[in-house]
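Subject: Handing over a structure, with notes

Dear colleague,

I am passing this structure on to you, and the notes below it set out what was found in it. Please read them with the structure open beside you.

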Amino acid sequence: MVSQMDPEAARNALDLVFHMSNILDTGLDRHTLSVLIALSEMGFNPEALSAVVKELRRETSDSSSVQSTAPSAP
């Protein structure tokens with residue numbers, strides 16, 4: 001568990017996970033990865049967390065495309 005590691009080891013583990021995330025081009029920042037790891041350690045299903053992240057991205061994408069296609073006020 002990352003939460004039971006000493007702070008230096010936890011930071012190194014997060015750095016490694018962040019590096020792998022960048023290689024895989026996930027678009028997740030360090031804070032988001034940290035939260036997802038903590039939730040996984042608490043027993044949340046990683047596949048469910050992945051589905052939530054994908055859904056939030058889809059909603060954000062849909063929301064921004066609606067805003068960009070909305071007519072501007074005169």
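To begin with a definition that the first finding needs, axes are lines fitted to C-alpha atoms, for helices over the stretch in contact, and angles run from 0 to 180 degrees between N-to-C directions. Two packed helices are described by the angle between their axes and the distance between the axes. Here α1 and α2 pack at about 115°, and their axes lie 10 Å apart. That makes α1 roughly perpendicular to α2, on a scale where angles under 35 degrees count as roughly parallel, over 145 as roughly antiparallel, 65 to 115 as roughly perpendicular and the rest as oblique.

Please bear in mind that this is a predicted model, in which local features need pLDDT of at least 70 and side-chain atom pairs count only at pLDDT 80 or more, while totals for chains, interfaces and linings use all residues. Residues are numbered from 1 along each chain as its sequence is written, and side-chain values use heavy atoms, with hydrogens and water left out.

As for the overall layout, the chain has 3 helices and 0 strands, where helices (H or I, at least four residues) and strands (E, at least two) are DSSP runs numbered from the N terminus. Of the 74 residues in the chain, 9% are buried, and in what follows buried means under 20% relative accessible area, exposed over 50%, and partly exposed in between, with a 1.4 Å probe and protein chains only.

Returning to the packed pair, Leu-14, Asp-15, Val-17, Phe-18 and Ser-21 in α1 meet Arg-30, Leu-33, Ser-34 and Ile-37 in α2, contact being heavy atoms within 4.5 Å. The loop between α1 and α2 holds Leu-28, which is buried at a relative accessible area of 17%. Leaving aside neighbours within four places in sequence, Leu-28 is in contact with Phe-18, Ser-21, Leu-33, Leu-36, Val-53 and Arg-57. The C-alpha atoms of Leu-28 and Val-53 are separated by 9.5 Å, although these residues are 25 residues apart along the chain.

The other finding concerns salt bridges, each of which is a side-chain nitrogen of Lys or Arg within 4 Å of a carboxyl oxygen of Asp or Glu; the count comes to 4 salt bridges. One of them joins Asp-15 and Arg-30, with the closest N and O atoms 2.4 Å apart. Asp-15 lies in helix α1 and Arg-30 in helix α2 (residues 30–41), so the pair ties together parts that are 15 residues apart in sequence. Asp-15 is partly exposed at 32% relative accessibility, and Arg-30 is partly exposed at 37%.

Within helix α1 (residues 7–23), Glu-8 and Arg-11 are 3 residues apart, a separation of about one helical turn, and their side chains meet in a salt bridge at 2.4 Å, N to O. Glu-8 has a relative accessible area of 40% and is partly exposed, as is Arg-11 at 46%.

In helix α3 (residues 46–69), Arg-58 and Asp-62 sit 4 residues apart, about one turn of the helix. Salt bridges that share partners join Glu-55, Arg-58 and Asp-62 into one network, and in the bridge between Arg-58 and Asp-62 the closest N and O atoms are 2.7 Å apart.
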